[in-house]
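Please open the structure in a viewer and keep the selection panel at hand.

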Amino acid sequence: MESSGFAHWLIVLVELVTAFALLLLALVIVVLAVTWVVDRNQTGNAVLRNFPVVGHFRYWFLHLGEFFRQYLYSSDREEMPFNRAQRTWVYRAAKNVDNTNAFGSSRDLRAEGVPFFVNAPFPDLGVDHVEPVPVTIGPYAREPYSHAAFFNISAMSFGALSAPAVRALSRGAARAGIWMDTGEGGLAPYHLEGGCDLIFEIGTAKYGVRTPDGKLDDDKLLAICAHPQVKMVSIKLGQGAKPGMGGLLPGAKVTAEIAAIRGIPVGQDSQSPNRHLDIGNVSELMDAIAHIRELTGKPVGFKAVLGGVEWIGELCDEVRQRGIASAPDFIIVDGSEGGTGAAPQTLMEGVGLPLHEALPALLDMLIVKGLRQRIKVVCSGKCITAYDVAWALSIGADFVNSARGFMLALGCIQSLQCNRNTCPTGITTQNPKLQRGLVVSDKSERVFHYAKNLMHEVGIIAHSCGVSEPRQLRRSHCRVVGDDGLSIPLEKLFPYPQSQESGLETR
């Protein structure tokens, strides 16, 4: 009796499954038929018109291709913007696990442009190693800023980043003793949460410190700079991924909170002007720096992408006319290889000087004009590993900033979804369901470890070169591979110029 009952229900189940399968098959046939008719009669796509239905697979494979290449087909050194070897190094540094390799490097040391460092025959002993010396920025400001860490968090706005991402960066930065640049999106409570030092960035739209018509609101700026964590103010003229174009925050990311912080409408795309409305030349830039420094008492500088350094020479000449105290306290030079969440491919790939050319050009101009000691130089642009940072310090930078390095430390998998509000790791999305994957307590630890381990390994390079701390690296300590596969010293590739004012001034 029980056996016949079971058989009955089994037959019923099979019939239901069969009916469902037939219904599903009929539905698929209907969908395919409708798709075939639509594809065959549309006029906007030749591939689909000639190959209805099957033509859709082309776009599906194109979409999936980047993911298959990332994990299955590309070698460790092939991918862009960051290859698997670079990402793995950052991940391991952030997790604070063993970062050694076996059997030799997979890096091609004969490829043109590859830098490597010249070890000393008798390197300093460990007892001679010292911590980086604090560098003072803004000696003529009422509140000069002294900072030791040479590796810091570059400009990333709340809005472009999620609240958990900003909170994790803030907490991790505080533990590591590094600064965090707010980016142009205004000061959010999440920036302040961790207690780290902050650089407040004023973008072309003046988010967070704007009047209704987009001008600078002095009262709002004073209120922001009243926070003791805000150590400096940076005027953003441009960024590496889109020089000559303002930032874009898609409307999907403009929540009520972000809109309130920035001073913009909720749910609408927010496009910054391509330059400050009140800064159209060197003289007006100097006026803006002087006004903000006098108003806030903080060191003030600017961030720019260089297409040439002639205008930097004009700025230096203007400083000489106005007096040494009028100089910008720092310049952040961003290479054209810099990244962002959304930018036209044309600008991202074809405009502006890359960092390996822009940084030495800027430094040499400051040396020639005798202002290298007065104006501190910060650089950014794909510096995510120890030898990237050591190269920049060898050229002469005082500080190196990184954005994407710290995104990788947060868990970024380079899925290239930054501009779609669909970031699978919760870093560049305002979707609460996706943000849930980013656990602040865990990721802040990774930010801390990444910064500390990178600076430690830069120290190892410096000590191998025979100097006691990384800022003592000079161009003579680094060589770069030329087009013939042989290396030449940086000092020969970019010889130190003679200062017009005070002899040879290299840093």
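A crossing is called left-handed if the near helix is turned anticlockwise from the far one by less than a right angle, and right-handed if clockwise. The model is predicted, so local features need pLDDT of at least 70 and side-chain atom pairs count only at pLDDT 80 or more, whereas totals for chains, interfaces and linings use all residues. Residues are numbered from 1 along each chain as its sequence is written, and side-chain values use heavy atoms, with hydrogens and water left out.

**First stop: α5 and α16**

Select residues 163–176, helix α5, and residues 440–464, helix α16. Helices (H or I, at least four residues) are DSSP runs numbered from the N terminus. The two axes come within 7 Å and cross at roughly 45°; axes are lines fitted to C-alpha atoms, for helices over the stretch in contact, with angles from 0 to 180 degrees between N-to-C directions. That makes α5 oblique to α16, given that angles under 35 degrees count as roughly parallel, over 145 as roughly antiparallel, 65 to 115 as roughly perpendicular and the rest as oblique. The crossing of α5 and α16 is right-handed. The contact of α5 with α16 comprises 10 nonpolar, 2 polar and 6 charged residues. Here Ala, Val, Leu, Ile, Met, Phe, Trp, Tyr, Cys and Pro count as nonpolar, Asp, Glu, Lys and Arg as charged, and the others, Gly among them, as polar.

**Second stop: α4 and α16**

The contact includes Trp89 and Lys95 of α4 and His449 and Tyr450 of α16. By class it has 6 nonpolar, 2 polar and 4 charged residues.

Select residues 310–322 (α10) and 355–368 (α12), whose axes come within 10 Å and cross at roughly 30°. That makes α10 roughly parallel to α12. Ile312, Gly313 and Cys316 of α10 meet Leu362, Met365 and Leu366 of α12; 5 are nonpolar, 1 is polar and none is charged.

**Last stop: the cavity**

Finally, select Glu184, Thr204, Lys236, Leu237, Gly238, Met245, Gly246, Gly247, Pro273 and Asn274, which line the largest cavity. On a 1 Å grid over the protein atoms alone, a cavity is a set of points where a 1.4 Å probe fits but cannot get out, and lining residues have an atom within 4 Å of a point. The lining has 3 nonpolar, 5 polar and 2 charged residues.

Definitions and conventions
Helix = DSSP H or I, 4+ residues; strand = E, 2+ residues; numbered from the N terminus. Contact = heavy atoms within 4.5 Å. 1 Å grid on protein atoms, 1.4 Å probe; cavity = no way out; pocket = protein on both sides within 12 Å on 5 of 7 lines; lining within 4 Å.
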